[in-house]
Amino acid sequence: MMSMQSARSIDIHAHAVLPGTMGSAGDFGPEIGSDGPDKPWFRVGEYRLDGVRYSGSAFMDVDLRLQSMQAAGIDFQVLSPNPLTYFHHIEPHLAIKYCRKHNDELAALVSQHPGRLAALASLPMQSPGAACNELERAVKELGMLGAYIGSELPLALDSEELDDFYATLCKLNVPLFIHPAPPGIDGPAGDKRLQRFELDIMLGFASQEALTIATLILGGVMVRHPTLDVCLSHGGGAIAVIAERLADATRRRPWSPDYLRQDGAFETLLSRFWLDNHVHDDGVLRLLEHYVGPGHILLGTNFSGWDQPGMVQADDPRTQQMADNARRLLRTSS
């Protein structure tokens with residue numbers, strides 16, 4: 001029987017859209033509909049995504065998901081929230097209500113297929129105390145394997161007000177996954193130049209992911225929480241091409257903290273991060289392996305997204321190593 005322990009390929013970048021969560025965030029929705037046979041839409045607050053079919057797709061239909069996984073060569077998936085519905089910037093009571101409903105629904109879904117699916121928790125990050133409480137509930141009562149949040153919160157990621165949250169992750173011995181969301185959904189509007197050609201996703205995500213890693217290192221989070229494990233989507237965005245510039249700055253610039261001034265200090269903290277391989281380029285992947293090592297790279301497909309890669313070769317030694325890496329990160333190794 002298939003399980004995470006026996007899986008040869010484990011996909012950690014797979015979003016789910018849950019029918020039971022529709023309308024759980026009050027006026028923010030979410031809401032799904034269609035203006036015609038080929039005109040689906042998805043609404044969050046005043047943001048509307050047109051042309052992406054969730055209903056009747058693997059995003060929402062678990063049987064279609066399992067069939068598509070089989071066809072793609074994916075043995076196991078760890079399901080995560082839809083980035084359009086983080087709700088990190090709405091009123092706390094609405095976010096708390098939504099995240100609780102989301103986690104209950106997602107836990108119920110994966111419990112039907114424990115040999116193929118697991119889950120990560122959605123959290124109300126505008127209220128760190130509530131986020132800690134929901135994380136504990138999701139892990140201890142629902143069996144979720146970690147937390148999944150956006151990269152832009154009301155608080156800076158290195159704020160000391162989030163230290164209890166990071167400490168809770170360490171206490172529970174679970175990882176934190178971070179994936180950006182398009183700006184302006186329920187939070188601040190982004191750079192207008194990124195609103196063309198889907199650059200908010202293509203360039204904006206890469207910037208947010210690199211900014212996240214830099215903030216967690218430069219802001220001292222990785223030092224204050226030495227057992228914290230953080231995984232970033234899309235190979236950490238632009239971090240591979242800017243890592244040496246950041247490292248050089250930490251050795252030279254007056255704002256740099258003492259713990260980063262020694263040669264190799266920045267690179268050592270960078271090597272603690274875990275990154276998925278959703279980068280579309282073997283050269284970039286080799287560069288990521290240079291910084292974090294092949295033991296911190298995971299399979300990530302953005303399953304059912306427009307940029308999902310082709311067939312996963314489960315017999316490829318690199319795929320099997322990424323599955324072993326996922327088991328270590330998710331604390332499921334036998």
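Predicted model: local features only at pLDDT ≥ 70, side-chain atom pairs only at ≥ 80, totals over all residues.
**Entry 1**

I found an open sheet of 3 strands in the order S2-S3-S4, with antiparallel pairing. I noted strand S2 (31-34) and strand S4 (47-50) as the edge strands, since each pairs on one side only. I read an average twist of 20° from one strand to the next.

I then followed S2 into strand S3 (residues 40-44). A hairpin of 5 residues joins S2 to S3, and the two strands run antiparallel with 4 bridges between them.

**Entry 2: aromatic pairs**

I searched the whole structure for aromatic pairs and got 7. I took Phe28 and Phe87 to begin with. Their ring centres are 6.4 Å apart and their planes stand at 70°, which makes the pair edge-to-face because planes over 60 degrees apart count as such. I placed Phe28 in the loop between strand S1 (10-16) and S2, and Phe87 in the loop between strand S5 (76-81) and helix H2 (92-111). The pair therefore links distant parts of the chain, 59 residues apart.

Are these two residues buried or exposed? I found Phe28 partly exposed, at a relative accessible area of 26%. Phe87 has 0% relative accessibility and counts as buried. I also noted that ring pairs join Phe28, Phe87 and Tyr98 into a cluster.

Phe42 lies in strand S3 and Tyr54 in the loop between S4 and helix H1 (62-72), so the pair ties together parts 12 residues apart in sequence. Both Phe42 and Tyr54 are buried.

**Entry 3: nonpolar cores**

Which residues have the most contacts inside the largest nonpolar core? I found Phe165 and Tyr166, in a core of 70 residues. I listed what Tyr166 touches, leaving out residues up to four places away in sequence: Leu157, Leu176, Leu216, Val221, His225 and Leu228. Another core lies apart from the largest one and has 19 residues, among them Ala7, Ile12, Ala118 and Cys231.

**Entry 4: helix H10**

I asked which residues of helix H10 (residues 282-292) are buried. They are Leu285, Leu288, Glu289, Tyr291 and Val292. Looking down the axis of H10, I saw these buried residues fall within an arc of 165°, so they line one face of the helix. The general rule I kept in mind is that an α-helix has 3.6 residues a turn, so residues three or four places apart point the same way. On the other side of H10, I found Arg286 and His290 exposed.

Last, I looked up what the buried residues of H10 pack against. I wrote down helix H8 (239-252), helix H9 (265-270) and helix H11 (317-329), together with strand S11 (274-276) and strand S12 (297-298).

Key. Residues numbered from 1 in each chain as written. Heavy atoms only, no water. Pairing = 2+ DSSP bridges. Axes fitted to C-alpha atoms, helices over the stretch in contact; angles between N-to-C directions. Phe/Tyr/Trp six-rings, centres within 6.5 Å; stacked < 30°, edge-to-face > 60°. Buried < 20%, exposed > 50% of the residue type's maximum accessible area, 1.4 Å probe, protein only. Core = buried A, V, L, I, M, F, W, Y, C linked by side-chain atoms within 4.5 Å. Contact = heavy atoms within 4.5 Å. Arc of directions from axis to C-beta.
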